[in-house]
Amino acid sequence: MNTEAFLAARQANWQRQLARLGARAQAERTLVVEGSLRRVVGLTLEAEGCEAALGARCLVDTADGATLETEVVGFADERLLLMPVGDLHGVLPNARVRPYARSGGLPVGTGLLGRVIGADGVPLDGLGALDSDEHAALKREPINPMARKPIDAPLDVGVRAINALLTVGRGQRLGLFAGSGVGKSTLLGMMTRYTNADVVVVGLIGERGREVKEFVEHTLGPEGRARAVIVAAPADAPPLKRLRGAQYATAIAEWFRDRGQRVLLLMDSLTRYAQAQREIALAIGEPPATKGYPPSVFAMMPALVERAGNDADGRGSITAFYTVLTEGDDYRHDPIADAARAILDGHVVLSRDLAEAGHYPAIDIEASISRVMPAVVSREHLRAAQRFRQVYSAYRQQRDLIAVGAYQKGSDPQVDQAIEMWPQLRAFLQQEVDEPMTLEAAADNLDALAAQVAA
């Protein structure tokens with residue numbers, strides 16, 4: 001055998017050995033290391049002898065022969081900390097725990113339109129199985145901020161006060177700050193039906209169970225439901241399922257955006273999402289930081305919100321509204337509301353005083369702002385909105401004196417004009433639920449009012 005043939009045979013032998021070693025290493029990586037359940041405290045399960053990465057899924061055998069799905073949320077010493085997706089009923093000491101090999105993808109696609117589904121992708125509306133062959137992960141890499149298309153086009157939401165004075169940009173993320181019983185769900189339903197969007201994705205996270213059916217059948221209606229996907233994870237669902245519900249709704253919106261669709265994402269509510277993460281973090285021993293909220297809560301909120309917005313190609317967009325429940329109607333001292341104001345592109349505040357006075361939608365124009373409005377409306381529209389705000393605020397600042405008759409006419413010309421125009425200003429901000437107002441019509445009405453102010 002010559003030298004070249006010898007070297008060729010030797011190289012072939014090395015390649016065969018490398019292939020065998022690679023196959024052996026691959027087989028070792030796919031080995032499943034099972035363990036057993038050692039401790040259950042509250043919602044936290046501790047498994048020993050099981051090997052799984054953070055975020056991986058594990059199955060726990062129960063007394064009735066079924067399995068409980070869990071997720072790895074932490075580890076301590078030699079034990080994994082697991083959080084259940086379902087009910088803990090039937091879990092036994094020393095139960096078998098094994099990693100779940102299936103990926104975390106859930107159904108997405110056009111077959112979800114008109115459907116109500118749970119946080120695990122299971123239909124809740126009794127209309128049969130989902131017509132979807134595609135799946136998407138609950139989490140994905142964020143879009144490069146330098147690659148995002150800027151927000152430069154307005155979005156018509158069908159609500160006159162928002163279209164005229166808080167104009168929304170396509171791809172904007174806004175917070176809807178409200179207490180209980182001030183018309184939050186009704187306003188969301190109006191935007192769902194009237195917004196100029198191709199697809200609407202609604203995430204009902206941590207709300208009362210009865211509100212899911214009421215929102216779908218009454219607030220949303222057949223017309224709004226036809227182009228909507230509703231993901232529901234009610235208040236009685238485990239905290240991990242509520243977290244997944246918000247992430248799943250966002251993943252569905254991302255799927256439609258990636259196909260060039262204009263998506264409206266309504267998340268009700270961001271507060272319940274934060275509270276679910278607080279329950280998980282406290283259960284695994286994370287120390288509370290701000291009013292009982294651990295630091296991980298304030299890290300996960302922007303991670304969820306930043307997934308919305310325009311895509312890199314400028315074809316698709318996700319315009320998102322996140323409701324924020326304010327404790328005691330005080331959104332200035334609530335840590336979740338304060339964090340939301342910092343990471344969102346604007347906020348719409350609903351006032352209980354206005355709601356109790358029969359003023360709907362109960363939008364507090366003075367406390368609300370859209371940070372992208374100057375970039376999506378004309379200079380004339382912006383000036384008209386500023387003049388409206390000036391006259392409206394002039395009346396609101398003197399309303400106590402006006403109510404008791406202590407204000408002397410002629411003391412301030414702007415206040416005098418505000419008193420004269422007050423019925424028109426209030427009528428402009430009010431709107432019936434079944435009467436949509438386009439962006440163009442709202443701008444024209446605003447121009448007419450601003451002309452009277454300037455006169």
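How far is the sulfur of Cys50 from the closest cysteine sulfur, and in which residue does that sulfur lie? The sulfur of Cys50 lies 4.3 Å from that of Cys58, which is too far for a bond. A disulfide is a covalent bond between the sulfur atoms of two cysteines. Here a disulfide is counted as a pair of cysteine sulfur atoms within 2.5 Å, and the count comes to zero. For Cys58, in turn, the closest cysteine sulfur is that of Cys50. Cys50 is buried at 6% relative accessibility, and Cys58 is buried at 0%; buried means under 20% relative accessible area, exposed over 50%, and partly exposed in between, with a 1.4 Å probe and protein chains only.

The model is predicted, so that local features need pLDDT of at least 70 and side-chain atom pairs count only at pLDDT 80 or more, while totals for chains, interfaces and linings use all residues. Residues are numbered from 1 along each chain as its sequence is written, and side-chain values use heavy atoms, with hydrogens and water left out.

The protein chain has 14 helices and 19 strands. These are DSSP runs numbered from the N terminus, with at least four residues for helices (H or I) and at least two for strands (E). Buried residues make up 50% of the 455 residues. The C-alpha trace spans about 110 × 60 × 45 Å along its principal axes.

Six strands close into an antiparallel barrel in the order 1-2-5-4-3-6. Two strands pair if DSSP finds at least two bridges between them. Neighbouring strands of this sheet are turned by 45 degrees against each other on average, direction ignored. Axes are lines fitted to C-alpha atoms, for helices over the stretch in contact, and angles run from 0 to 180 degrees between N-to-C directions. Strand 1 (residues 35-41) pairs with strand 6 (residues 96-99) over two bridges, and Gly35 has Val97 as its bridge partner in strand 6. Helix 5 (residues 239-258) lies across strands 3, 4 and 5, at about 90 degrees to strand 4.

In helix 8 (residues 335-343), the buried residues are Pro335, Ile336, Ala337, Ala339, Ala340 and Arg341. Their cover includes strand 12 (173-178), helix 6 (270-283), helix 7 (295-305), strand 17 (317-325) and strand 18 (346-349), where contact means heavy atoms within 4.5 Å.
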